[in-house]
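Subject: Structure handover

Hello,

Here is the structure I promised. Please open it next to this message; my notes follow below.

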Amino acid sequence: MTVMLICSNKALRHRLQDLFRAWGWVVVGETRTGPEALRLVRARQPDLIVVDDELAEMNLSQLMDVISQDRLAPVLLLLSPANRWGEELLKSQAVLAAVSKPPNETDLYLAALLAQANFAKFATLEQEITRLQDQLQSRKLVERAKGILMETLGLSEQEAYRKMQRESMERRTSMRTIAEAIITAQKFYQNRDKKQE
């Protein structure tokens, strides 16, 4: 596993490096500032980002927002019990696990594994959502194309669907592609008719 350390405390950074190396993980970069962190994270693409809640030179919630929006990597937050913004930081979508400072070895290890596991789960859920949205869009297009065939060719709903299905099989393409072609053709003829008027 590759790890990026974003931590302003030098002693804590060295402690984390020692722990990660002892586990056989590779620290691919470290920084104390937010802007430098984003540059390094994008360049090195770590498997895990460990972020100290006392980051210098950048609003920490802004950094979390960018990491979350760009789906850069899971974040393990090192949280000071005295940090009054801790609860807000934990609400960030980028933070997938947290451990209090100073972290003990077992808690840090488990939190790192948890962050990675949660990141993988969210990635799977996002893929499923995208697949379902695509499926829904395909159904809408097929329904619309069916309606066009029913109206223009005087077919029943079942006949229109079967006609599209046959075309799909004969052309070895998806029903969505056939539906899109029917919709495009209808638009073309409608525009042509308008111009002729």
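First, a term for the helix pairs: axes are lines fitted to C-alpha atoms, for helices over the stretch in contact, and angles run from 0 to 180 degrees between N-to-C directions. This is a predicted model, in which local features need pLDDT of at least 70, side-chain atom pairs count only at pLDDT 80 or more, and totals for chains, interfaces and linings use all residues. Residues are numbered from 1 along each chain as its sequence is written, and side-chain values use heavy atoms, with hydrogens and water left out. Helices (H or I, at least four residues) and strands (E, at least two) are DSSP runs, numbered from the N terminus.

Helix α2 and its neighbours

Helix α2 covers residues 34-44. Its axis lies 10 Å from that of α3, at an angle of about 15°. The two are therefore roughly parallel (angles under 35 degrees; over 145 is roughly antiparallel, 65 to 115 roughly perpendicular, the rest oblique).

Which residues meet here? Gly34, Leu38 and Arg42 of α2 are in contact (heavy atoms within 4.5 Å) with Leu63, Val66 and Ile67 of α3. These residues divide into 4 nonpolar, 1 polar and 1 charged. Here Ala, Val, Leu, Ile, Met, Phe, Trp, Tyr, Cys and Pro count as nonpolar, Asp, Glu, Lys and Arg as charged, and the others, Gly among them, as polar.

The buried residues of α2 are Gly34, Ala37, Leu38, Leu40 and Val41. Buried means under 20% relative accessible area, exposed over 50%, and partly exposed in between (1.4 Å probe, protein chains only). Their cover includes β1 (2-6), β2 (26-31), β3 (48-52) and α3 (60-69).

Helices α5 and α6

Helix α5 spans residues 105-153. It packs with α6 (residues 157-171) at about 115°, axes 9 Å apart. The pair is therefore roughly perpendicular. This crossing is right-handed. On the α5 side, the contact has Val142, Glu143, Ala145, Lys146, Leu149, Met150 and Leu153. On the α6 side, it has Glu157, Ala160, Tyr161, Lys163 and Met164.

Two serines

Ser138 sits in α5. It counts as buried because its relative accessibility is 17%. Its side chain makes a polar contact of 3.2 Å with that of Arg176. For such a contact, a pair of N or O atoms must be within 3.5 Å; within protein, one must be able to donate a hydrogen and the other to accept it, and residues adjacent in sequence count only if both atoms are side-chain atoms.

Ser168 is in α6. At 11% relative accessibility, Ser168 is buried too. Leaving out residues up to four places away in sequence, Ser168 touches Thr173, Ser174, Met175 and Ile178.

Backbone points to check

Where is the cis peptide bond? It joins Lys101 and Pro102, with omega about -10°. Pro102 belongs to the loop between β5 (95-100) and α5.

Gln45 is not a glycine, yet has a positive phi of about 45°. It lies in the loop between α2 and β3. Gln45 is exposed, at 61% relative accessible area.

Arg172 also has a positive phi, near 55°. Its place is the loop between α6 and α7 (175-196). Arg172 is exposed, with a relative accessible area of 79%.

Best wishes

How values were computed. A crossing is left-handed if the near helix is turned anticlockwise from the far one by less than a right angle, and right-handed if clockwise.
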